[in-house]
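Me: I would like to go through a structure feature by feature. Please give the general idea where there is one, then the case at hand.

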Amino acid sequence: MITATSLKKNFGDFSAVNGINLQVNKGECFGLLGPNGAGKSTFINMTYGTVKRSSGDLKIFGYDPDTNSREIKYRLGVVTQDNALDESLTVLENMQIYCAFIGVARADRKKRIEDLLEYMNLGHKRDALIQTLSGGMKRRLVFVRALLGNPELLILDEPTTGLDPAVRHLLWGKVRELHQTGTTIVLTTHYMHEAEVLCNRLVIMNHGLVAAEGSPQKMIKEHAPGYVGIFNIEDQNKIKSIIAGRDSYDFVEDTSGVYLRTQTLSDLTSFHSDHGLTPLQIRPSNLEDVFLKLTGKELSVDA
Ligand SMILES: Nc1ncnc2c1ncn2[C@@H]1O[C@H](COP(=O)(O)OP(=O)(O)OP(=O)(O)O)[C@@H](O)[C@H]1O
Ligand SMILES: [Mg+2]
């Protein structure tokens with residue numbers, strides 16, 4: 001569905017996407033993760049032709065988005081990071097303009113729009129001006145817009161940012177349903193739990209490059225196996241001195257607590273019996289630990 005080969009995008013002398021190779025296969029729910037500024041949206045914008053690549057190769061359904069955007073736009077739905085809705089028009093007007101843009105047959109437009117507005121619980125807002133909608137409603141509407149063409153490939157750039165937990169769950173349900181009925185999905189998110197529950201494969205990008213790739217489970221196993229204990233921040237010096245020189249511990253101090261990852265559960269529970277330190281919480285390590293390890297805070301002992 002998507003093939004990127006040595007794909008680059010420079011803005012002036014800055015490389016936003018620095019020669020990435022990746023492939024998204026039909027039927028996947030593919031996660032594109034990475035810290036702010038990693039190059040995710042730049043990559044997505046290249047897939048539907050709003051940003052032209054500097055070099056390398058990019059194919060969507062086998063077509064080059066720089067020269068064949070017409071062939072692509074009918075089959076691709078995108079939830080852009082910025083909503084890009086016309087604020088001075090109504091919900092229906094915005095959706096009708098988009099239907100015309102992607103070539104939905106005139107006779108099908110009204111029903112398609114009404115059905116999707118109901119699907120995302122926005123039917124009651126059909127005649128409202130965009131500027132009167134809440135941030136979460138606009139996000140849901142951008143999701144509706146992305147589905148108007150019944151796309152084979154759906155690209156979601158932070159679709160749930162700003163959504164309350166109930167609406168986020170609603171959207172996850174829709175994404176799952178679409179995935180199960182054969183839609184290929186590319187998802188960018190900063191919610192690691194969201195990526196873990198929805199994606200069957202993902203990459204973590206950093207500084208315009210792919211830092212790691214695999215299923216969420218494989219990445220956890222490979223980069224951050226074991227368990228994480230969260231300790232009181234006041235205990236950080238004591239913890240540092242206990243684990244100094246022992247490389248079986250990964251350590252992160254945060255303003256809210258000390259995160260300590262160990263290979264086994266007993267390594268964490270023994271902190272209590274051996275040193276009188278009780279973790280506030282113990283959990284299996286997750287994708288957030290992988291993300292921090294690969295892109296963010298150094299998980300090393302500063303002793
Ligand atoms: N039009 C532009 N002109 C100059 N620099 C740009 C432009 N668009 C993006 N960049 C730069 O490219 C880098 C990658 O930006 P991009 O929006 O792709 O990041 P991202 O991974 O989507 O981040 P976020 O998680 O914050 O959305 C950033 O340093 C950004 O400042
Ligand atoms: Mg972005």
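Me: By class, how many nonpolar, polar and charged residues does the shell around ligand 1 have?

Reply: Keep in mind that this is a predicted model. The shell around ligand 1 has three nonpolar residues, seven polar ones and one charged. Its members are F11, A16, G34, N36, G37, A38, G39, K40, S41, T42 and Q81.

Me: Which helix gives the most to the shell around ligand 1?

Reply: Helix α1, residues 40-47, gives the most, with three residues.

Me: How many helices and strands does the chain have?

Reply: The secondary structure comes to eleven helices and 13 strands. The C-alpha trace spans about 75 × 45 × 35 Å along its principal axes. Among contacts with a separation of 6 or more, 69% are between residues 24 or more positions apart.

Me: What share of the residues counts as buried?

Reply: Of the 303 residues in the chain, 36% count as buried. As a general idea, nonpolar side chains in soluble globular proteins tend to be buried together. Here the largest nonpolar core holds 60 residues, and those touching the most other members are F30, L32, V144, I155, I185, V186 and L187. Helix α5 (residues 135-147) supplies the largest share of this core, five residues. Domain 1 (2-216) and domain 2 (221-295) each contribute at least three residues to this core. A second, separate core has eleven residues, including V228, F251, V258 and L268.

Me: Which residues is I155 in contact with, leaving aside its neighbours within four places in sequence?

Reply: With those neighbours left aside, I155 is in contact with I44, T47, L76, V78 and V186. V186 is also one of the residues that touch the most other members of the largest core.

Me: How should I read the phi of a residue such as E158?

Reply: The general idea is that most residues other than glycine have a negative phi. E158 has a positive phi, near 50°, and is not a glycine. E158 sits in the loop between β6 (153-157) and α6 (165-180).

Me: Why does E158 count as partly exposed?

Reply: E158 counts as partly exposed because it has 19 C-beta neighbours inside 10 Å, whereas a buried residue needs 20 or more.

Me: Where does H207 lie, and what is its phi?

Reply: H207 is in the loop between β8 (201-206) and β9 (209-214). Its phi is positive, about 50°, although H207 is not a glycine. H207 is partly exposed because 15 other C-beta atoms lie within 10 Å.

Technical notes: Residues numbered from 1 in each chain as written. Chains lettered and ligands numbered in written order. Predicted model: local features only at pLDDT ≥ 70, side-chain atom pairs only at ≥ 80, totals over all residues. Near = placed C-beta within 6 Å. Helix = DSSP H or I, 4+ residues; strand = E, 2+ residues; numbered from the N terminus. Nonpolar A, V, L, I, M, F, W, Y, C, P; charged D, E, K, R; others polar. Buried ≥ 20, exposed ≤ 12 C-beta atoms within 10 Å, placed from the backbone. Contact = placed C-beta atoms within 7 Å. Core = buried A, V, L, I, M, F, W, Y, C linked by C-beta atoms within 7 Å. Domains from an automatic or database assignment.
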